[in-house]
Structure formats: C-alpha cells, structure tokens
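Hi there,

Here is the structure I promised to pass on. Have a look at it first, and then read on for some notes on its salt bridges.

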Amino acid sequence: MCGIVGYFGSKNAADVIISGLEKLEYRGYDSAGIAVNEGNELEIRKFSGRLSVLADDVKENPMKGNLGIGHTRWATHGEPTIVNSHPHFNKDKSIAVVHNGIIENYLDLRKELEQDGVEFLSDTDTEVIPFLIDKYYEGDLLDAVYKAVGRLRGAYALGILHKDHADEMVAVRKDSPLIAGVGEGEFFVASDIPALLNYTRNVYYLDNGEVVHIKGDKIEILNDKKEVVDKKLNKVTWDIEAAEKGGYKFFMEKEIFEQPQGCKDTLERRLDKDGHIVLDDIKMTKEELENLENIYIIACGTAYNAGVLGKTAMQKFMGIPVYTDIASEFRYNDNFVNEHSLVILVSQSGETADTLAVLRDSKEKGARVLAVTNVVGSTIAREADDVFYTWAGTEIAVASTKAYTTQIVSLYMISLNFALKMGKITEEYYFEMIEKMKELPGKIQEVLDNKDEVYEVAKQIVNKEHAFFLGRGIDYSLAMEGSLKLKEVSYIHAEAFAAGELKHGTIALIEEGTPVISLATQQNLFEKMVSNMEEVRARGANVIAIAQRHNKEVEKVSSHTLYIPDSDDLLSPVIAVVPMQLLALMVSDMKGLDVDKPRNLAKSVTVE
Ligand code: M6R
C-alpha cells in the first residue's frame with residue numbers, strides 16, 4: 001500500500017521526507033518520488049524500484065526547499081514505472097499530488113478532462129487529481145482542492161502542493177489512512193505514525209472527509225464544509241517498531257485484522273455502477289471461454305488451499321470440471337495442458353519459483369495463463385496473459401492470512417463473471433451471490449470481535465504435540481489451511497483429514513485428549529460430520545467444533561464450539577478460517593515463538 005509523507009518547516013524537506021518514507025517501507029512499494037517547492041517551481045523526482053535509488057539521487061543532487069511531499073507507490077493502476085509513480089502533476093507542473101487509495105470514477109473524470117484538452121502521461125487513476133485541481137484553481141489552492149475532491153469517488157489520502165504557494169500544503173483524508181504531526185515550528189502529514197516519530201510525537205488523527213491546511217505558521221483541520229474542527233492533539237507513546245505494526249503485537253495479527261478491509265477492497269472496488277464485477281485485465285471472451293477444454297488451478301501452500309476452494313466455486317458456477325494441483329508436483333507430472341487450456345496461477349508474492357515454472361511451461365504448451373496475485377509488477381503478473389490483483393495490501397508475516405481470504409474472494413469473482421458470460425448462471429443468482437459476498441467483511445469482523453473465545457481453545461492446545469483438523473467437502477479444503485497455519489507458526493504437528501476417510505486408518509491416531517478441530521459449516525454434510533465427530537469423541541478426542549451459529553446441535557458432540565455467523569455454505573470458508581488463523585497466532589505467541597518469522601521458512605520461496 002502506498003505511503004505518504006509531507007513536510008513544512010525549517011529543515012530540508014527532502015531529507016525529512018525520505019527518512020519518513022523509510023519508516024513506511026513495511027507497507028510495501030515498488031517506486032518512490034518526491035516534490036519540493038524550490039521557490040518559483042516544484043522540483044519533482046521519481047524512480048521505480050527501491051527508495052534508496054531516490055535517496056541516492058537526492059544525496060548526489062540535493063533538493064533545496066523546506067516544503068515538500070513524498071510517496072512510495074504500491075501499484076494498483078498501471079505498472080510500477082517512473083511515469084506511473086507519484087507525485088503526479090498538471091501540464092505546467094504547477095501542482096503536484098501524492099495519493100494513497102483508489103479513485104473509482106477516474107475513467108469518467110479522465111474522459112471529461114480529455115475533452116477539455118488534457119493529455120495524460122500515466123495509466124494511473126491519480127493523475128486526474130492535479131488536472132482537476134488545475135481546472136478549479138483561481139488563485140486559492142484550498143478552494144480548488146475542495147472543488148476537485150468534491151468530484152472524486154473512492155478512497156484517498158492526498159498531499160498537494162502548488163508552486164505559487166511556497167508556505168502552504170493541503171492534505172485530505174477519505175477511507176485511506178492519514179495523520180498530521182506538529183513539531184517545533186514544523187508540520188507533517190503521513191500515512192502512518194512511524195514516519196514522524198524521529199521528529200515529533202504530537203499528532204492529529206484525521207477522520208474521513210477532513211482536510212489538513214498548513215499555511216505559514218498555522219495548521220488547521222477542516223471538515224468537508226471547510227469549517228475548522230476543534231481536534232485533540234494526541235501524544236504517541238509507542239515505540240517505532242510497535243507503531244509500524246499499528247499497535248498490534250505481530251504483523252500476522254495485524255494482517256488477520258485487516259481481512260474485512262482486504263475483502264471489501266477486492267470485491268467492492270471491482271463493482272461497476274450496475275453492480276457487475278469488472279475483471280480489470282482479464283479479457284477472456286465468451287467464445288474463448290467456450291473453447292476451453294480444461295481449466296487448471298495451480299499454486300503452492302496457502303495459495304493452493306485457496307485454489308481448491310476456487311475450483312469448487314468454478315465447477316459449481318460454470319458447470320465444467322476444474323483440476324487443481326500443487327505447482328511443484330504439477331510441473332513434473334504428465335499434465336494435459338494444451339492450447340485449449342486455461343491455467344490459473346494463484347500466488348500472493350507473484351514470485352514463487354514452482355508456480356512461475358508452471359507458468360512458463362504452460363505458455364510454451366500454448367495455454368492461456370491467468371494470474372491471481374497480490375503484487376503488482378511481480379514476475380508472475382508480468383508474464384501471465386491475464387492478471388487479477390487481490391487488493392489485500394502488503395503481507396509481511398510469513399504465514400499467509402489476508403492473502404488467502406482475498407484469493408478466495410477473487411477466484412469466486414472470476415468464476416461468477418465467467419459463468420454469467422457463458423450463460424451458465426442467471427443474473428438473479430449472480431447478483432444474489434455478490435450481495436452475499438458483500439456481507440463477508442462484516443461477518444469476518446464479528447469473528448474478530450469474539451477473539452477471546454479462541455483464546456480459551458488455544459490454552460487447550462498449546463501443550464499438545466499433535467492436533468487434527470477434520471472436515472467434509474469444502475470444510476476439508478478449509479481444514480488443510482487450518483492445519484497448515486497451526487503447524488507453520490506453532491510447530492505443533494497438525495494434519496487435516498477428510499472426516500469420512502477416518503475409519504480407513506487415521507482414526508488409529510486418536511487417543512485420550514487428542515485435539516480434533518472439527519469443521520461443520522456445510523449444511524448438506526452437517527449430519528454426516530456430526531457422526532464423524534461422535535466417532536472421534538468416543539475414542540477420547542477433545543472435539544473443538546467450528547460451526548454456523550444456527551447449528552447448535554453440534555454442542556452434543558463437542559467440548560467447545562466456536563460459532564461463526566450464518567452464511568452461504570460456499571462462502572463460509574472465508575469466515576471460518578479466521579478462528580483457525582487466530583488459534584495458530586495465539587498458540588505461537590503463548591509458546592513464545594517468532595510468530596512473524598517461523599523457523600526454516602521464507603515469505604517468498606523463489607527457489608525450487
Ligand atoms: O507467494 P505465494 O502465494 O506464491 O506463496 C505460496 C506459499 O509459499 C505460501 O502460501 C506459504 O504456504 C505460506 N507460508 C503459508 O502461510
């Protein structure tokens with residue numbers, strides 16, 4: 001996610017901004033840029049790649065001036081190139097803008113501005129903003145910003161400079177984070193607190209719709225009606241490391257709690273005015289879809305587990321068989337990929353070596369390759385024919401959490417879109433599913449709000465050597481993710497079993513007190529699952545159930561039940577995975593392990 005830093009004071013603005021941007025590196029980025037008011041002009045420098053490229057350039061050729069804005073970009077619209085990086089500017093470079101968020105109506109605004117004669121340089125949504133401000137500018141920067149912002153739909157944190165306003169900066173917040181800082185005769189704006197902590201601990205937390213107006217020796221916070229708001233100046237007492245985690249103890253925890261937002265962003269920002277799903281860069285026509293002989297979903301680890309759920313949705317909606325495999329197996333197996341195949345690769349990082357190898361091999365065989373990835377400009381995104389980005393935001397913890405839920409949402413969206421195009425589902429069903437998916441963020445939040453219940457279960461598991469996860473159908477796929485999470489961060493031996501398969505061997509492992517996390521979220525398999533739970537309970541297992549709230553029956557066979565809000569069976573994994581993620585996190589923390597960097601693991605596996 002992008003990072004913003006703005007500064008006005010007596011220090012060299014570029015130095016302060018770059019040191020602030022360094023503290024926001026955890027947000028992830030692919031390019032960086034800065035604009036400084038050097039008197040009669042705005043000096044703008046931007047580079048793709050690491051922030052150090054910008055820092056080295058500024059060291060060699062210092063920027064003079066004490067008013068500036070800077071940005072690290074996590075690409076959403078357009079590749080991570082220099083021209084797409086921020087700050088963006090109008091034709092005569094009198095206005096510079098940095099932006100974090102997404103402007104949903106940028107295509108309409110772009111068309112309108114093009115009709116006015118504007119020529120855009122970049123592929124970004126952001127570039128419309130400096131031109132809009134320019135359109136309304138009549139000597140009053142603040143006024144022009146209000147008028148321009150009134151035209152924007154979407155999410156934005158903005159930092160804005162004008163060359164003729166050498167002591168003025170305007171910043172705006174709506175649905176993207178932004179704070180303002182106050183030092184000794186100096187002012188700051190930033191996406192997050194760590195960017196300021198070397199300079200000040202006095203901050204204003206901005207609410208949606210608020211505008212920061214820094215002019216001369218004054219800072220004012222204004223509301224959307226341009227009235228001054230009487231805001232409290234807060235003192236930050238955290239240290240830098242804690243601040244980067246936004247007050248959470250671990251990145252994994254922060255990322256688990258970011259899931260409602262990640263799922264909302266991935267889905268709702270893809271819906272057009274009529275509520276249809278817009279698949280960004282996926283250009284498959286009805287004919288191309290109908291000509292497919294087979295569809296494969298290939299990935300590794302958690303991304304594979306999400307792929308298995310994607311397969312279920314795709315088969316259900318499109319009514320055709322879909323095959324899944326682990327990339328490291330698929331690449332060496334005799335597979336039937338050919339020019340009539342669609343190969344869907346799922347990868348958070350977009351750099352996983354085995355998944356990338358499948359991509360190249362499939363392309364050689366003439367298949368169409370579609371990537372579902374979280375990192376814009378990653379190798380898999382660049383080499384695939386079609387790309388769909390999960391908008392989970394940067395994932396730092398090695399254990400993947402928010403990538404998983406947004407991958408499922410993405411695969412369901414793709415499946416619904418394809419199925420409607422092929423006439424395999426009715427519009428009515430399509431919209432009904434979208435409406436149900438829109439409820440997911442709220443339902444995930446409910447589970448997060450009840451995290452203390454998971455803590456009780458974590459206490460029962462922390463000293464165990466083994467734990468089993470049971471499920472049938474979709475719940476079996478979900479059990480695989482639950483057991484992977486627990487084993488990778490807590491080092492407890494955990495296995496997922498298809499509950500109906502137990503009696504063919506695995507049940508021999510059950511002994512007095514063995515924790516068995518039993519998923520019973522599927523209505524059509526509920527009774528069968530309850531019988532399987534009874535079977536293990538009768539052999540001494542400590543049965544911990546996860547079930548939809550209305551299924552109270554489950555309490556007869558469980559010692560503890562974690563309820564999730566009722567939902568469509570197909571969508572329940574996006575909710576039911578959350579208590580399992582929390583469980584893994586809590587057990588790891590109780591054991592004093594390195595939650596974010598478990599032993600022997602790397603975030604991105606770029607070797608075979
Ligand atoms: O970046 P990718 O999604 O391609 O990574 C795939 C796996 O390495 C990854 O999901 C791994 O299993 C995670 N550590 C699981 O939490």
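**Charged pairs in the model**

Lysine 438 is partly exposed, at a relative accessible area of 32%. Its side chain meets that of glutamate 435 in a salt bridge, at 3.1 Å from N to O. Both residues sit in helix H15 (residues 427-438), and because they are three residues apart there, about one helical turn separates them. Glutamate 435 also counts as partly exposed, with 42% relative accessibility.

Please keep in mind that this is a predicted model.

Elsewhere, shared partners tie several salt bridges together: Glu112, Asp116, Lys135 and Arg151 form one network.

Two other pairs may interest you. In one of them, aspartate 57 and arginine 45 form a salt bridge whose closest N and O atoms are 2.9 Å apart. This pair connects distant parts of the chain, with aspartate 57 in helix H2 (residues 51-60) and arginine 45 twelve residues away in strand S3 (residues 42-48). Arginine 45 is buried at 12% relative accessibility, while aspartate 57, at 22%, is partly exposed.

In the other, aspartate 354 bridges to arginine 331, and the closest N and O atoms lie 2.7 Å apart. Here too the link is between distant parts of the chain: aspartate 354 belongs to helix H12 (residues 353-364), and arginine 331, 23 residues apart from it, lies in the loop between helix H11 (327-330) and strand S17 (341-347). Aspartate 354 is buried, with a relative accessible area of 11%, and arginine 331 is partly exposed, with 22%.

In total, the count comes to 39 salt bridges.

Best wishes

How values were computed:
Residues numbered from 1 in each chain as written. Predicted model: local features only at pLDDT ≥ 70, side-chain atom pairs only at ≥ 80, totals over all residues. Heavy atoms only, no water. Salt bridge = Lys/Arg side-chain N within 4 Å of Asp/Glu carboxyl O. Helix = DSSP H or I, 4+ residues; strand = E, 2+ residues; numbered from the N terminus. Buried < 20%, exposed > 50% of the residue type's maximum accessible area, 1.4 Å probe, protein only.
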